[in-house]
Amino acid sequence: MVNSINHSDTAIIGAGIGGLSAAIALQQLGLKVKVLERASELKEMGAGIVLSANAIKVLEKLGLADQVRQAGSPVKKAEIRTPDGQLIVEMPVHMQAERYGTFSYLLYRPDLQRILYEKLDPNTVVLGKKFLRLEQDPEKITSFFENGEILNSGLLIGADGVHSRVRQYIMEESKLRYSGFTAVRGISKYEDARFPAELGGGFEAWGNGKRFGFSHLGNGRVFWFAAINTPQGSLVKVENKRHLALQQFKGWWGPIADVIDSTKEENILVHEIFDRKPLKKWHKGRVTLLGDAAHPMLPNLGQGGAQAMEDALILARYLKEYPQEVEEAYSLFEQERIPRVTRIIKDSRMMARMMQLENPAAMMVRNQIIRHVPDKLKINRLDWILGYKA
């Protein structure tokens, strides 16, 4: 006998940032929502996430901006330096905050996930449900799970990340594109008088095919990351991750070795960075994708989480406008969202090439250009991203 989970207006596969944001936005419309998550506990990767002005605007509409600001740390200092610590440029974060009415915030990803989760109605999220496949007819979608349970729903949203199973139903699998670099990320308790916690923010150092940065995370913690040009598969199986990072950045500016050395081994993650070629369609029938399931992107513009949240709010808006015309709602959602995220995917790849340069002459030219770009031009260049109102 097949067990059945109760019927829902909308099923969301995946309880990451995009899935939880979509559930909140749909519940605000009065819809009955179930979020099905394969993990047995709600646990995001233990890293930091930057929430820039466009993300904060979404959180304001979800009623969560104040909680996020309290849990995170404002980015009030953002420097780019050479490996030996020479200042290349200080980013105009205060001018940006004045323009958009908010600083960017850096937040511990599990804290953001908890804040989103607690906004939902009780029992919205069901854990330990590994999605296998779906079937749909004109009236409903039936989702099948590994434990033999099924769920019938009127709509289904695939928010199950870069390795999305729902995506495989909508189109033939497209290959992951390796970025050319591997990320090492850590969380630590660390203090440095040059970067006081009350100021927030931090720095990045750009070297020969390598990049390192850290920033305050709130609650006395810092988040640091490294991006290392390397062939695919060469670093991810290293057992001593802290030793790896120390060796890669040996001889770099003082705070870099210090913050790595202050980090416990279990608080360091190593993973390769991928995106996919942008899609021209995200839906099939009553099923659609959002977030990384639809448009995985490299992290160089800090927009992965923000774009998932924008997706959630705008999808809910079109479903409210066209409650009986689901495919029309999905098509309009795509028309609004795909051009924007496609541009961000492409710009993120371009930024990666610029940040991860290996040629010394090219690096010198890049640094000189960055030094002489006026602050106003820096802000205007990103206005189409940060000034966007979902």
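Is Phe 203 buried or exposed? With a relative accessibility of 3%, Phe 203 counts as buried. That residue belongs to one aromatic cluster, together with Tyr 190, Phe 195, Phe 214 and Trp 253. Please keep in mind as you browse that this is a predicted model.

**Aromatic pairs**

- The count of aromatic pairs comes to 13.
- One of them joins Phe 195 and Phe 214 in an edge-to-face arrangement, with 5.6 Å from centre to centre and 70° between the planes.
- Phe 195 sits in the loop between β12 (176-189) and β13 (202-206), while Phe 214 sits in strand β14 (residues 210-218), so this pair ties together parts that are 19 residues apart in sequence.
- Both partners are under the 20% cut-off for buried residues: Phe 195 counts as buried because its relative accessibility is 3%, and Phe 214 because its value is 2%.
- Phe 214 has another edge-to-face partner in Phe 203, and here the centres are 5.0 Å apart and the planes are 80° apart.
- This second pair links distant parts of the chain, as Phe 203 is in strand β13 and Phe 214 is in strand β14, eleven residues apart.

**Nonpolar cores**

- The largest nonpolar core holds 88 residues, and the members that touch the most others are Ile 12, Leu 51 and Leu 59.
- Helix α10 (residues 326-355) is the top contributor to this core, giving eleven residues.
- A second, separate core has 22 residues, among them Tyr 190, Phe 214, Ala 226 and Ile 260.
- Which residues does Leu 59 contact, leaving aside its neighbours within four places in sequence? They are Leu 51, Leu 64, Ala 65, Val 68, Leu 116 and Met 309.

**Cavity and pocket**

- How many cavities of 30 Å³ or more are there? The count comes to one, and the largest cavity has a volume of about 30 Å³.
- Lining the largest cavity are Pro 278, Leu 279, Trp 282, Ala 294, His 295, Ile 338, Val 341, Thr 342 and Ile 345.
- By class, this cavity lining consists of seven nonpolar and two polar residues, with no charged ones.
- Turning to open space, the second largest pocket has a volume of about 300 Å³.
- That pocket is lined by 14 residues, and those nearest its centre are Leu 31, Leu 155, Leu 319, Pro 323 and Gln 324.
- Two or more lining residues each come from β1 (4-13), β11 (150-158) and α9 (304-321).
- The lining of the second largest pocket divides into seven nonpolar, four polar and three charged residues.

**Thr 10 in strand β1**

- Thr 10 is found in strand β1, and it is buried because its relative accessible area is 0%, under the 20% cut-off.
- Beyond its neighbours within four places in sequence, Thr 10 is in contact with Leu 26, Leu 31, Lys 32, Val 33, Lys 34, Ser 153, Leu 155 and Ile 157.
- Two of these contacts, Leu 31 and Leu 155, are also listed among the residues nearest the centre of the second largest pocket.
- How far apart are Thr 10 and Leu 217 in space, from C-alpha to C-alpha? The distance is 34 Å, and the two residues are 207 residues apart in sequence.

**Positive phi at two asparagines**

- Asn 123 is a residue other than glycine with a positive phi, near 70°.
- Asn 123 lies in the loop between α5 (109-119) and β8 (125-127), and it counts as exposed because its relative accessibility is 64%, over the 50% cut-off.
- Asn 219 also has a positive phi, of about 60°, although it is not a glycine.
- Where is Asn 219 found? Its place is the loop between β14 and β15 (221-229).
- Asn 219 is exposed, as its relative accessible area of 54% is over 50%.

Methods
Residues numbered from 1 in each chain as written. Predicted model: local features only at pLDDT ≥ 70, side-chain atom pairs only at ≥ 80, totals over all residues. Heavy atoms only, no water. Core = buried A, V, L, I, M, F, W, Y, C linked by side-chain atoms within 4.5 Å. Buried < 20%, exposed > 50% of the residue type's maximum accessible area, 1.4 Å probe, protein only. Helix = DSSP H or I, 4+ residues; strand = E, 2+ residues; numbered from the N terminus. Contact = heavy atoms within 4.5 Å. 1 Å grid on protein atoms, 1.4 Å probe; cavity = no way out; pocket = protein on both sides within 12 Å on 5 of 7 lines; lining within 4 Å. Points joined across faces, edges and corners; volume = space filled by probe spheres on them. Nonpolar A, V, L, I, M, F, W, Y, C, P; charged D, E, K, R; others polar. Phe/Tyr/Trp six-rings, centres within 6.5 Å; stacked < 30°, edge-to-face > 60°.
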